[in-house]
Amino acid sequence: VAALGAADRKHACVQHALGVRRAVANDNYRRFFRLHDEAPLMAAYVMDIGLDAMRRIALLRVCRAGVPPVTRRNAAGAPCTAPAASTNTPTNPPAR
């Protein structure tokens, strides 16, 4: 990268390659997939090499993020104002 001249860095393919390198280094899967969709010339075929690994990283991050909160709604579709059932009860009570 240091050997590239200023004129070379302005080329669309080089800009794209630097963006891909930055996305992979930062594990930014969202940016990586966007760059894959916007790849100039035949760059998408070269990016296919790392596609499976990036998908695994993305899947792991989504799974670790947890499930988004679910809002309770009544039959009319309006949010419920009643408090939720207590979740402090143990699922497996101790044996006596």
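Buried residues account for 15% of the 96 residues in this protein, which is shown here as a predicted model. Its fold holds four helices and zero strands, and the order from the N terminus is α-α-α-α.

**Overall picture**
- The accessible surface of the protein totals about 8100 Å², and carbon and sulfur atoms hold 59% of that area.
- Taking contacts between residues at least 6 apart in sequence, 30% link residues at least 24 apart.

- Helix 4 covers residues 43–65, and at 1.5 Å a residue its 23 residues should span 33 Å. The C-alpha atoms at its ends lie 31 Å apart, so the model agrees with that expectation.
- Just past the end of helix 4, Gly66 adopts a positive phi of about 90°.

**Helix 4: its buried side chains**
- Ala43, Met47, Leu51, Met54 and Ala58 are the buried residues of helix 4.
- Their cover includes helix 2 (12–25) and helix 3 (29–37).

**A nonpolar surface patch**
- Leu41 sits in the loop between helix 3 and helix 4.
- With a relative accessible area of 73%, Leu41 counts as exposed, because the cut-off for that class is over 50%.
- Together with Met42 and Tyr45, Leu41 makes up a nonpolar patch on the surface, and the three share about 420 Å² of accessible area.

Key:
Residues numbered from 1 in each chain as written. Predicted model: local features only at pLDDT ≥ 70, side-chain atom pairs only at ≥ 80, totals over all residues. Heavy atoms only, no water. Helix = DSSP H or I, 4+ residues; strand = E, 2+ residues; numbered from the N terminus. Expected span 1.5 Å × (residues − 1). Buried < 20%, exposed > 50% of the residue type's maximum accessible area, 1.4 Å probe, protein only. Contact = heavy atoms within 4.5 Å. Patch = residues over 30% accessible without salt bridge, like charges linked within 9 Å, V, L, I, M, F, W, Y side chains within 5 Å. Areas by Shrake-Rupley, 256 points an atom, 1.4 Å probe, with all protein chains shown as cover. Salt bridge = Lys/Arg side-chain N within 4 Å of Asp/Glu carboxyl O.
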